[in-house]
Amino acid sequence: MYNPVATYRFQFNTDFPLSKLDTLIPYLQKLGIRTVYASPIFEATPGSTHGYDGVDPNRISPEIGTEDQLRTISQQLKESGMGWLQDIVPNHMAYHPNNQWLMDVFEKGDLSRYANYFDTALASPFFQGRIMAAFLPAPLSETIANGDMVLAYDQDRLVLQVSGNSMPLKPISYERVLRAGGKTDDIIVVLLDELNQIHHIDEPATYAEAWHEFRQQMTALMRNKEVGSYIQKAIDAVNSDSALLEEIADSQHYRFCMEPESHQIMSYRRFFTINGLICLSTQEENVFMAVHQLTNRLVQEGVFQGVRVDHVDGLYDPKQYLERLRALLGPEAYISVEKILQGDEPLPTDWPIEGTSGYDFLAHVNNLLTDSTNESTFRNFYQGLIETDTDLRTRISYRKAYMLYQRMGGELENLYQYFIAQQLVDDDALAAIQTGNMKVAIGELLIQCPVYRYYANEMPLPADEAGIVAGLIAGIRDTKPELNDALDALEAALLIRPQEGDAAYNTRALKFYQRLMQFTSPLMAKGVEDTLLYTYNCFVGHNEVGDSPERFGLSTDTFHQIMQDRLANWPLAQSTTATHDTKRGEDVRARLNVVTELADEWLQEVRVWQDLNADLHAETRLDKNDEYFIYQNLLGAYPMPKQDEDNFPNRMLEYMKKSLQEAKRHTTGHDVEPDYFEAVSTFVNGIFDAERPFWTRFQRFHRSVADLGITNSLAQLVLKCTCPGVPDVYRGGESWDLSLVDPDNRRPVDFDRLCRDLDELIARQEGGDQEIWADLWSQRWDGRIKQWLTRFLLQERDEHADIFTKGEYLPLTVEGTYREHVLAFARRYESSWYVVAIPLHAAQLCQQQGKTIMELDWQDTRLVLPDGAPTQWTRCLAESRIDSTGALPIKTLLDTLPVALLTNR
């Protein structure tokens, strides 16, 4: 099994192609990275900044590079002792003219060789009708009347062009077009005869070959002046005849409509609620093989050492998919999955993977650094601010219900119709259910699902999963007794009748259940991740992918238990603290956690800020919830003191625009209401006015919190690199990561500066400089201390991989006055040891003692070593030795840096 050791995530696109990575390999090697972790590099829509809108999974994006370049880089990586982890997207592709599989389906319908590639009525009875093309600016007739849709000849085919999209005509429509030119000459008659012959072919491969030959012939004939003139005349005639153009447009294998219709009717599975991403039927073996053709070849050739699977919850049967993927790629390939775990939800241990891509680790560390003792202070303040005490679970249900009924009504209707079609309830029982209740009951089950999805692929459901579903139905009964008739039917269909042993019935019931589970994850994502996390702003540090605003802290004992379980079950899972999807950079969260320790001081500061900005608030009538949201993100993301402002005011405005779009509270469709955004802009611009008293006050508070946040950031980094798992660095995150949600976190990284800084520090180390750590701490705001600590920790992991991969995780007891403010553990493998100690909630101690973190008096606080531990240790970050008689004083361990790493080697 390939061990990535440490991964470094790159976002490849036009501005950062493979050629730029080529120059960074020496830097990555010096940093201690052993695996490049690449965003999707397969062909995507033109100008794609992220690659998740792929159009061809079997071709390297020409905007990024070539396969030859990739192979050259692969060889360079191997020579440097490094590998490649590739992000793949098996769930969906772009709904785009460059997606040739999809265009072939649009052109040929059920005679396309790719008819079952996409999750539509052509592949599954779950959907009905033609594939929607939901990008009309107005109703079809009006769009045509306004001249916004035209017929054209483009790239060797007839197409309908509208709203920047180009949709191919089906072959039978060519006859209507060719006859529109009036009297036809002999050549056109020949074309019409060939069309007639093609229409009688009913075998996809033969049909495709005949149609390809026809298009080639027509293209050749277009070069003939007379024929070309005639065909263009025919096209012009169609465009001048609105009724004919509408008739042609409305008779294709797809159906034109406006975007709002897709909120209540949906004829294909899409990624979340994004009409521009159409989902694949990867559960079909031929589709699976086609989608993974290039990926598998590059794995077998050693170009890729592993893959990260995007959005595994969107797949029809994740376990079946992962078993196929493991069989295809082989036992040595590393496989991780993007999976968001809720609360204490476990990752299925029967999946043949190495673990998740790390959101769970992010959440554990984030909560560890949160002071749970102040939760009620935060919640009470927030309830008073927004003048409601609606509990968070109810808010989650409201947000999910809003998304389901307002944006995903088509998905719900499809589930309801599929439930009926599968005949899971007899006709008499169905007739007795009050009109509409069955559909609402299915919707409530989606809404109340507390995790992204469940994974049973058999009926009857396994006992544990059946118990969960029974509990959900019981909970719905308590809150919505008017649905009892429908809930009885749902319970019987999923839990009772499958026990009777009717194999045919159970097959039908399982099909419905697996479809149901395919839609719980997008509803959770859109209702919580992309809505609630922008509306419930009690403490935005936990409004994060993988985390939850319901959480507010984690005990050291619980953290230790989680890490021991992680070592036992997922020792090679990725440990990330920032990704391309996180709502805030890792150091934003680390800084925000400081205010959970200083709750009274923080909330008093907020009240002062509200008073100082009362005139702005009165002028703009800004929502108090949004004002508090702005203050938290301003404090968390504003650059370090005395560092470049990094165009922050404009970044903040762009961030607020996206946040308001996601919150959906002041929007029309997807657009923020202009008057409200103008108010937000006025407020944001106002608070950055250096002449206002607020700015002076903010800078003072920001400086103190930013400094304290550095300790949390370094502690977070130490945990990522020493706890069980594979540490992952998000591009540029080896320095301060004070970014906000995408596209802010995709801003260019100054790799020239990072390379220069690291080379200078390495030269100082090689020159015997003993003051590096002290110097870096004194200049900690510039980020070099994080970079150097990253390098040090990753080098230790690389040189001693066994202890961090296989070594025991031993929680260490901390005793003394400030025992609650230290977390310590040991990693042991055979005779090798490491000991880790970090401070927790040190801002409280700094406030109590009136001292900086490095001046703290830890008094008698000490960590106790287990029996059999070494008695002599090397302090890795202080380059000194220390003897132990069973305990190590914290004041000694943290006298150079606010984190400690010791080893007995």
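Which residue stands opposite Gln872 in S27? Asp883 does. This pair belongs to a predicted model, in which local features need pLDDT of at least 70, side-chain atom pairs count only at pLDDT 80 or more, and totals for chains, interfaces and linings use all residues. Residues are numbered from 1 along each chain as its sequence is written, and side-chain values use heavy atoms, with hydrogens and water left out.

Strand S26 (residues 872-875) and strand S27 (residues 880-883) run antiparallel and are joined by four bridges. Strands here are DSSP runs of E with at least two residues, while helices are runs of H or I with at least four, both numbered from the N terminus. Two strands count as paired if DSSP finds at least two bridges between them. S26 and S27 make up a hairpin with four residues between them, and Glu879, sitting in the turn, has a positive phi of about 50 degrees.

Next comes an open sheet of three strands, in the order S8-S9-S10, with antiparallel pairing. Its edges are strand S8 (149-154) and strand S10 (165-168), each of which pairs on one side only. From one strand to the next, the twist averages 35 degrees. Helix H3 (residues 100-108) packs on this sheet and touches S9 and S10, where contact means heavy atoms within 4.5 Å. The direction of H3 makes about 50 degrees with that of S10; for such angles, axes are lines fitted to C-alpha atoms, for helices over the stretch in contact, and the angle runs from 0 to 180 degrees between N-to-C directions. Within the sheet, S8 and strand S9 (residues 157-162) pair over six bridges in the antiparallel sense, with Tyr153 standing opposite Leu158 in S9.

The loop between S9 and S10 holds Ser163. Phi of Ser163 is near 50 degrees, a positive value in a residue other than glycine. Ser163 counts as partly exposed, because its relative accessibility is 42%; the cut-offs are under 20% relative accessible area for buried, over 50% for exposed, and in between for partly exposed (1.4 Å probe, protein chains only). Gln859 is another case with phi near 50 degrees, positive although the residue is not glycine. Gln859 lies in the loop between helix H34 (842-849) and strand S25 (862-864), and at 38% relative accessibility it counts as partly exposed.

Most residues other than glycine have a negative phi, and most peptide bonds are trans. Even so, a cis bond joins Met459 and Pro460, with omega about 0 degrees, and Pro460 is found in the loop between helix H18 (437-448) and helix H19 (463-479). Asp742 and Pro743 are also joined by a cis bond, with omega about 10 degrees. Pro743 is found in the loop between strand S20 (726-730) and helix H30 (751-766).

How about a strand that is tucked away? Strand S7 (residues 131-136) has six of its six residues buried, so it is largely enclosed by the rest of the structure. S7 pairs with strand S11 (residues 254-258) in the parallel sense over four bridges, and Met132 has Arg255 in S11 as its bridge partner.

What about the cysteines? A disulfide is a covalent bond between the sulfur atoms of two cysteines. Taking a disulfide as a pair of cysteine sulfur atoms within 2.5 Å, the structure holds zero of them. The sulfur of Cys755 is too far for a bond, because the closest cysteine sulfur, in Cys721, is 19 Å away. Cys755 is buried, with a relative accessible area of 18%. Cys876 is in no disulfide either, and the nearest cysteine sulfur, that of Cys721, is 13 Å away. Cys876 counts as buried, at 7% relative accessibility.

Finally, Thr556 is found in helix H22 (residues 556-569). Thr556 is partly exposed, with a relative accessible area of 25%. Leaving aside residues up to four places away in sequence, Thr556 touches Leu368, Leu823 and Leu840.
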